[in-house]
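Dear colleague,

I am passing on the structure we spoke about, and I would be glad if you could look it over with the notes below beside you.

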Amino acid sequence: MTPERRQELVLLRRARDLIDRRFAEPLDVPAIAASVHLSAAHFSRRFRAVYGESPYQYLMTRRIERACALLRGGASVTDACMRVGCTSLGSFSSRFSEVVGMTPSAYRAAAHPAEALMPDCTARLVTRRRAGRNREADRSSAA
């Protein structure tokens, strides 16, 4: 791996960590890209190439995962939507259904006995619908 490639991966990890820490705040791709001193277009292309989804998709996935924990805890759909940083209940519900496979209301009403007993970080891995998103991890384990 070249030093330039290694530095790019460090920057992309910093951006991903920023998204993970500040998912509930108003974030947009240009602001995230600026935090790691990359142009928005280049950042988006490289982020997708490494992590398998755009920075916005990654941000929304983090928000949906946190919303799942809130809904399991009894929060209303609207409250969960607002607490994770979404401003549109419609787009939140659409993305939630896409990631989880059911509407937020159906998820809230469903029983989650196994997920309730495990930490949120483990529940995220178990309940995630699509696999193989983290191409960076796949590449490093193959090396």
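This is a predicted model: local features need pLDDT of at least 70, side-chain atom pairs count only at pLDDT 80 or more; totals for chains, interfaces and linings use all residues.

Residues are numbered from 1 along each chain as its sequence is written, and side-chain values use heavy atoms, with hydrogens and water left out.

The chain holds 10 helices and 0 strands, where helices (H or I, at least four residues) and strands (E, at least two) are DSSP runs numbered from the N terminus. Of its 143 residues, 36% count as buried; buried means under 20% relative accessible area, exposed over 50%, and partly exposed in between, with a 1.4 Å probe and protein chains only. The exposed surface comes to about 7,900 Å², of which carbon and sulfur atoms supply 55%, the areas coming from the Shrake-Rupley method with a 1.4 Å probe and, for residues, with only the protein chains shown counting as cover. Among contacts (heavy atoms within 4.5 Å) with a separation of 6 or more, 63% come from residues 24 or more positions apart.

Helix α1 covers residues 3–22, and its 20 residues reach 29 Å from the first C-alpha to the last, close to the 28 Å expected at 1.5 Å a residue; the expected span is 1.5 Å times one less than the number of residues. Its buried residues include Leu 11 and Leu 18, and also Glu 8 and Arg 16.

Helix α1 packs against helix α3 (residues 40–51) at an angle of about 90°, with the axes 11 Å apart. The two helices are therefore roughly perpendicular, a term for angles of 65 to 115 degrees, whereas angles under 35 count as roughly parallel, over 145 as roughly antiparallel and the rest as oblique. The axes are lines fitted to C-alpha atoms, for helices over the stretch in contact, and the angles run from 0 to 180 degrees between N-to-C directions. From α1, Arg 5, Glu 8, Leu 9, Leu 12, Arg 13, Ala 15, Arg 16 and Ile 19 meet His 42, Phe 43, Arg 46, Phe 47, Val 50 and Tyr 51 of α3. By class, this contact has 8 nonpolar, 1 polar and 5 charged residues, with Ala, Val, Leu, Ile, Met, Phe, Trp, Tyr, Cys and Pro taken as nonpolar, Asp, Glu, Lys and Arg as charged, and the others, Gly among them, as polar.

His 37 is in the loop between α2 (29–35) and α3, where its phi is near 60°, a positive value in a residue other than glycine, and His 37 is exposed at a relative accessible area of 72%. Ser 54, in the loop between α3 and α4, is buried at 14% relative accessibility and touches Phe 47 and Arg 48, not counting residues up to four places away in sequence.

Helix α4 (residues 55–72) has 18 residues and spans 26 Å, close to the 26 Å expected, and 14 of the 18 are buried. Just after α4, Gly 74 takes a positive phi of about 100°.

Phe 96, in helix α6 (residues 89–100), is buried at 0% relative accessibility. Its C-alpha is separated by 8.7 Å from that of Ala 67, 29 residues apart along the chain. Leaving aside neighbours within four places in sequence, the contacts of Phe 96 include Ile 64, Ala 67, Cys 68 and Leu 71, as well as Met 102, Pro 104 and Tyr 107.

With best regards
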